[in-house]
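The sequence and the structure are shown first.

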Amino acid sequence: MKRKLHLLILSSFLLFIAAVTGCKSTGGLQANDEETEVWQPVKSIDQLKGTWISDEATIIFPKNLDNQEYLLLREKDNDDSTKWMNYAKKYNIPIKQAWAKRYGALAEVYGINYPLSDSNGTQRGIKFSTPKIFTDYYVEVITRTETLIPEEIIFKNLSIFSISKDGTQLKQNGTFRYFSSVFKNEYVEERIFSKVEK
């Protein structure tokens with residue numbers, strides 16, 4: 001009698017485990033189906049139109065310059081205060097003097113001779129907010145890097161973008177290729193941008 005009761009409890013437990021596992025696997029399939037529904041490949045460059053914001057960057061398309069359309073990529077703000085204070089200390093000059101010649105100092109301060117450009121028309125520069133100078137050797141400098149990318153290069157990279165079904169979110173995932181000897185290809189694991197309504 002005890003043995004039959006034992007077998008009945010064990011078989012009930014096994015049936016319960018099988019039912020739970022079956023539900024989980026079905027749920028997984030539904031989640032994948034929903035994921036496919038939410039994100040769709042970007043097939044046209046027109047789907048990128050607008051202003052898109054993420055925690056890491058902002059995309060603006062199109063950005064018109066010299067009768068050409070570009071995608072403008074603005075990276076998030078950086079606090080570069082220490083770099084500029086170190087530069088002033090190195091040459092034993094006040095911050096105001098260092099700041100007055102900032103464009104000539106870019107290559108030394110950043111290790112990059114901004115602005116950059118290549119034969120495709122891609123351009124990258126650094127933008128400064130107005131610095132807050134506290135003393136001769138103490139300053140707050142906030143900067144951001146901006147890149148203008150021609151339509152042709154964006155078109156070649158459409159495969160790394162997906163758009164939400166409702167068109168309010170944009171996902172970037174993969175290697176962005178610049179086809180350039182000046183700009184290195186950039187791998188982005190995953191960035192989600194939200195569209196800014198005007």
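The lining of the largest pocket divides into 6 nonpolar, 5 polar and 5 charged residues; here Ala, Val, Leu, Ile, Met, Phe, Trp, Tyr, Cys and Pro count as nonpolar, Asp, Glu, Lys and Arg as charged, and the others, Gly among them, as polar. The model is predicted: local features need pLDDT of at least 70 and side-chain atom pairs count only at pLDDT 80 or more, whereas totals for chains, interfaces and linings use all residues. Residues are numbered from 1 along each chain as its sequence is written, and side-chain values use heavy atoms, with hydrogens and water left out.

The volume of the largest pocket is about 300 Å³. Among its 16 lining residues, Gln 123, Gly 125, Lys 127, Glu 146 and Leu 148 are the closest to the centre. A pocket is an open set of points on a 1 Å grid over the protein atoms alone where a 1.4 Å probe fits, with protein on both sides within 12 Å along at least five of seven lines; lining residues have an atom within 4 Å of a point. Points are joined across faces, edges and corners, and the volume is the space filled by probe spheres set on them. Strands β3 (57-65), β4 (68-75), β6 (116-117), β7 (123-128) and β10 (142-150) each supply at least two lining residues, and β7 gives the largest share, 5 residues. Strands (E, at least two residues) and helices (H or I, at least four) are DSSP runs, numbered from the N terminus.

The largest nonpolar core has 21 residues, and those with the most contacts inside it are Leu 48, Ile 59, Leu 71, Ile 154 and Leu 170. Two or more residues of this core come from each of β3, β4, α5 (151-156), β11 (161-164) and β12 (169-176), with the largest share, 3 residues, from β3. Such a core is a set of buried Ala, Val, Leu, Ile, Met, Phe, Trp, Tyr and Cys residues joined through side-chain atoms within 4.5 Å. Buried means under 20% relative accessible area, exposed over 50% and partly exposed in between (1.4 Å probe, protein chains only).

The whole structure holds 11 aromatic pairs. One of them, Tyr 87 with Tyr 91, is tilted, at 5.0 Å centre to centre and 55 degrees between the planes. Rings of Phe, Tyr and Trp (its six-membered ring) pair if their centres lie within 6.5 Å; planes under 30 degrees apart count as stacked, over 60 as edge-to-face and the rest as tilted. Tyr 87 is buried at 8% relative accessibility, while Tyr 91 is partly exposed at 39%. Both belong to a cluster linked by ring pairs, together with Trp 84, Trp 99, Tyr 103, Tyr 110, Tyr 114 and Phe 128.

| Lysine | Ring | Distance to ring centre |
|---|---|---|
| Lys 101 | Tyr 91 | 5.9 Å |
| Lys 156 | Phe 179 | 4.9 Å |

Backbone geometry follows. Most residues other than glycine have a negative phi, and most peptide bonds are trans. Phe 179 has a positive phi of about 50 degrees and lies in the loop between β12 and β13 (186-196). For Asn 67, phi is near 65 degrees; this residue is in the loop between β3 and β4. A cis peptide bond joins Phe 61 and Pro 62, with omega about -5 degrees, and Pro 62 lies in strand β3.

Note on methods. A charge sits over a ring if NZ of Lys or CZ of Arg is within 6 Å of the ring centre and within 35 degrees of the ring normal.
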